[in-house]
Amino acid sequence: MASSPTVLMRLVASAYSIAQKAGTIVRHVIAEGDLGIVEKTCATDLQTKADRLVQMSICSSLARKFPKLTIIGEEDLPPEDVDQELIEDGQWEEVLKQPCPSQYSAIKEEDLVVWVDPVDGTKEYTEGLLDNVTVLIGIAYEGKAIAGVINQPYYNYQNNENQKLREPRNEAKVRKIARLLAALVGRKEAGPDAVLGRTIWAVLGLGAFGFQLKEVPAGKHIITTTRSHNSQLVTDCVAAMNPDDVLRVGGAGNKVPKSIHHLP
């Protein structure tokens with residue numbers, strides 16, 4: 001008789017399905033044409049309606065299924081009732097089919113901490129650089145990351161230079177730009193049959209899934225670094241490593257798949 005999935009694998013399976021829903025919410029906010037942008041600490045530190053809705057969706061969905069879990073979201077949001085439409089109760093079956101690494105098989109729900117970045121690359125999201133946007137769910141045990149899920153809502157979407165939109169200066173312009181973005185969302189780089197969006201997941205000791213690894217060309221040294229928070233220190237550090245190529249992209253979560261795929 002097969003044993004039931006462990007707490008960790010059930011949590012990852014839930015996080016996968018929840019991240020999928022989060023990606024749908026991110027795209028829906030664009031389609032509505034109102035990003036609801038507010039500045040948090042400065043003009044480059046932004047929060048949108050998508051940040052707020054996605055965090056409520058992820059945190060509430062996880063809390064209902066795992067009530068003893070510690071969940072920490074990036075956004076400082078006031079307590080409020082969450083619309084049932086934001087709740088995701090599913091679990092991704094492909095995750096549940098995988099064995100749990102033995103060192104995590106006895107972990108209890110209350111021993112785990114989940115970290116949520118609802119929209120990583122928010123500034124790029126407001127500028128129309130949609131392929132930089134990710135949804136991040138990280139799982140930690142005893143202070144160390146052991147599993148995680150990355151959703152790319154706009155995987156297979158690609159911008160042209162003339163489609164890059166600057167940060168809006170007022171709410172009327174925000175709505176106009178959001179409508180323009182909504183018209184662009186359907187563009188895909190992989191042909192008419194390509195699926196918009198994907199989810200990558202991993203468990204330490206088991207592996208990473210949801211992508212195809214591309215090896216770095218022999219003898220090549222490629223660095224992925226910040227697009228929007230450059231400084232002299234960053235520039236000097238990159239130069240000191242003498243790279244063959246430097247990928248400057250937005251969002252911490254976006255740097256991971258970019259490094260995996262070595263995309264320009």
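Guide: The accessible surface of the protein comes to about 13,800 Å², and carbon and sulfur atoms own 51% of that surface. Areas are computed by the Shrake-Rupley method with a 1.4 Å probe. This is a predicted model: local features need pLDDT of at least 70, side-chain atom pairs count only at pLDDT 80 or more, and totals for chains, interfaces and linings use all residues. Residues are numbered from 1 along each chain as its sequence is written, and side-chain values use heavy atoms, without hydrogens and water.

The protein has seven helices and 10 strands. These are DSSP runs numbered from the N terminus: helices are H or I, at least four residues, and strands are E, at least two.

Now the helix pair. Two packed helices are described by the angle between their axes and the distance between the axes. Helix α1 spans residues 7–32 and helix α2 residues 49–65. Their axes come within 9 Å and cross at roughly 155 degrees. Axes are lines fitted to C-alpha atoms over the stretch in contact, and angles run from 0 to 180 degrees between N-to-C directions. That makes α1 roughly antiparallel to α2, a label for angles over 145 degrees. The crossing is right-handed: the near helix is turned clockwise from the far one by less than a right angle.

Which residues meet? From α1, they include L11, I18, I25 and V29. From α2, they include L53, V54, I58 and L62. Contact means heavy atoms within 4.5 Å. By class, this contact has 11 nonpolar, three polar and four charged residues. Ala, Val, Leu, Ile, Met, Phe, Trp, Tyr, Cys and Pro count as nonpolar, Asp, Glu, Lys and Arg as charged, and the others, Gly among them, as polar.

Notes
Angles under 35 degrees count as roughly parallel, over 145 as roughly antiparallel, 65 to 115 as roughly perpendicular and the rest as oblique.
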